[in-house]
Amino acid sequence: MNQKTLRLTESAIMLALGFILSLLKIIDMPFGGSVTVFGMLPVIIIAYRYGTAWGLLVGFTASLLQMLSGLKNLTYGTSAGAVITIIMLDYVVAFTAMGLGGLFKGKVKDKGTGIALGALTACLVRYICHTAVGCTVWAGVSIPTSDGLLYSMVYNAAYMIPETVITVAGAYFAGKIFTLSEQQIKPVPMKEGSARNAAAMLPAVMGLVMAFVFIFAMVQTEEGFDITAITRTDVFDWLAPVIVLIAGIVISVIIKNTVKKKLS
């Protein structure tokens with residue numbers, strides 16, 4: 001398979017994977033927006049592998065898929081200008097931004113850090129887009145007209161903060177554990193210290209991330225989030241984050257000891 005065919009095939013597969021993952025929602029906000037299971041990560045990886053220009057093209061394609069799945073939202077637009085704004089900012093620009101995942105490739109020596117910074121940039125652009133639409137198009141429709149900017153910032157942060165944490169963490173470990181810069185994606189040999197440490201830390205970190213998401217969900221309301229809501233939670237609400245965190249730590253310890261024995 002030549003390089004061009006490989007790039008097209010890989011991009012198509014990652015596009016499909018990203019779309020499927022975007023449907024797996026951990027949190028689904030009442031007026032739009034959700035926390036997904038690494039829904040942004042596949043396109044970010046493609047952008048890191050093949051460059052920003054190609055990444056933006058794939059991101060644009062992903063934005064069209066997202067728009068098709070959310071066509072109902074366009075019906076709430078109160079004017080043609082509002083509909084165009086929703087299309088351009090809530091979908092096209094917001095999701096095309098995933099193509100910025102490779103922005104720091106070659107500029108940051110550590111590959112995990114490089115792709116993580118690209119992921120962070122993509123999430124920040126997406127957050128700005130959603131916030132802009134919220135305080136303009138949706139002001140007086142689904143959010144208050146007064147203090148619309150503040151309301152939109154808080155509401156969109158309620159799902160974009162955990163989405164960003166998940167995406168950046170996933171991007172970092174993908175860059176540390178897999179050879180994303182090479183023609184074929186394969187695991188980095190465990191003999192390399194950074195890859196070995198990243199592989200061992202991954203379950204614990206992901207357990208921490210998921211625990212954070214569960215706790216964050218406790219303080220979410222229709223308006224965004226209310227930190228005082230955590231005082232009204234039941235003791236059983238804490239079981240999920242605690243179990244996930246402990247399980248992640250235990251698995252990390254097992255992996256670290258297993259790899260250490262194999263290499264010794």
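**Exercise 1. Determine the handedness of the crossing of helix 2 and helix 6, then describe the contact.**

Solution. The crossing is right-handed; that is, the near helix is turned clockwise from the far one by less than a right angle. The contact (heavy atoms within 4.5 Å) is made by Ile44, Ile45 and Tyr48 of helix 2 and by Lys111, Gly114, Ile115 and Ala119 of helix 6. By class, that gives five nonpolar, one polar and one charged residues. Here Ala, Val, Leu, Ile, Met, Phe, Trp, Tyr, Cys and Pro count as nonpolar, Asp, Glu, Lys and Arg as charged, and the others, Gly among them, as polar.

Two notes on the source. The model is predicted: local features need pLDDT of at least 70, side-chain atom pairs count only at pLDDT 80 or more, and totals for chains, interfaces and linings use all residues. Residues are numbered from 1 along each chain as its sequence is written, and side-chain values use heavy atoms, with hydrogens and water left out.

**Exercise 2. Classify the angle between helix 2 (residues 41-50) and helix 6.**

Solution. The axes (lines fitted to C-alpha atoms over the stretch in contact, with angles from 0 to 180 degrees between N-to-C directions) come within 10 Å and cross at roughly 120°. Helix 2 is therefore oblique to helix 6. The classes are: under 35 degrees roughly parallel, over 145 roughly antiparallel, 65 to 115 roughly perpendicular, the rest oblique.

**Exercise 3. Do the classification for helix 1 (residues 3-22) and helix 2.**

Solution. Their axes come within 8 Å and cross at roughly 160°. So helix 1 is roughly antiparallel to helix 2. The contact divides into 10 nonpolar, three polar and three charged residues.

**Exercise 4. Find the residues that join helix 2 to helix 7 (residues 148-177).**

Solution. The helices pack at about 45°, axes 10 Å apart. Helix 2 is therefore oblique to helix 7. Leu41, Ile44 and Ile45 of helix 2 meet Thr167, Gly170, Ala171 and Ala174 of helix 7.

**Exercise 5. Check the span of helix 6 (residues 111-136).**

Solution. Take 1.5 Å times one less than the number of residues.

Terms used: Helices (H or I, at least four residues) and strands (E, at least two) are DSSP runs, numbered from the N terminus.
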